[in-house]
Amino acid sequence: MNFIIRLLITAAVAYGLSMILSGVHIPNFTDAIIFALVLALLNALLKPLLIIFTLPITIVTLGLFLFVINAIIILLADKFMDGLTIDGFWWALGFSLLLSFVSSFAYSLVD
């Protein structure tokens with residue numbers, strides 16, 4: 001049940017951010033739910049591998065490279081989906097930062 005609530009919160013935040021950010025396009029809430037599912041799968045399967053492979057650069061940048069990894073995950077979700085369009089890396093980086101912060105705040109309200 002907790003996974004479904006987190007999925008719906010992520011989808012709602014992503015859909016809301018797509019209304020605010022001009023470089024992120026999610027046409028409807030159904031696509032936002034699919035995006036949240038794809039993002040959850042990529043975060044569970046691919047993100048740990050990317051973190052391990054990029055550990056040296058992550059250490060050198062004092063962890064700031066993790067923001068780049070988040071943007072890469074968002075861009076991969078864009079490639080896997082038809083209903084999501086992100087206009088470039090910088091939009092993906094900003095979207096991932098805002099998605100993380102707003103979703104974390106919303107999770108804290110629910111828990």
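**Notebook: helix packing around α2**

I looked up the handedness first: α1 and α2 cross in a right-handed way. A crossing is right-handed if the near helix is turned clockwise from the far one by less than a right angle, and left-handed if anticlockwise. The contact of α1 with α2 holds 15 nonpolar residues, one polar and no charged. Ala, Val, Leu, Ile, Met, Phe, Trp, Tyr, Cys and Pro count as nonpolar, Asp, Glu, Lys and Arg as charged, and the others, Gly among them, as polar.

I noted the ground rules. This is a predicted model, where local features need pLDDT of at least 70, side-chain atom pairs count only at pLDDT 80 or more, and totals for chains, interfaces and linings use all residues. Residues are numbered from 1 along each chain as its sequence is written, and side-chain values use heavy atoms, without hydrogens and water.

Next came the geometry. Helix α1 (residues 2-20) packs on helix α2 (residues 29-45) at about 120°, with axes 8 Å apart. Helices here are DSSP runs (H or I, at least four residues). Axes are lines fitted to C-alpha atoms over the stretch in contact, with angles from 0 to 180 degrees between N-to-C directions.

I listed the contacts (heavy atoms within 4.5 Å). On α1 they include F3, L7 and Y15; on α2, F29, I33 and A40.

Then I turned to helix α5 (residues 65-80). Its axis and that of α2 come within 10 Å and cross at roughly 125°. So α2 is oblique to α5. This crossing is right-handed. F35, V38, L39, L42 and N43 in α2 meet I73, I74, L76, A77 and F80 in α5.

Technical notes:
Helices (H or I, at least four residues) and strands (E, at least two) are DSSP runs, numbered from the N terminus. Angles under 35 degrees count as roughly parallel, over 145 as roughly antiparallel, 65 to 115 as roughly perpendicular and the rest as oblique.
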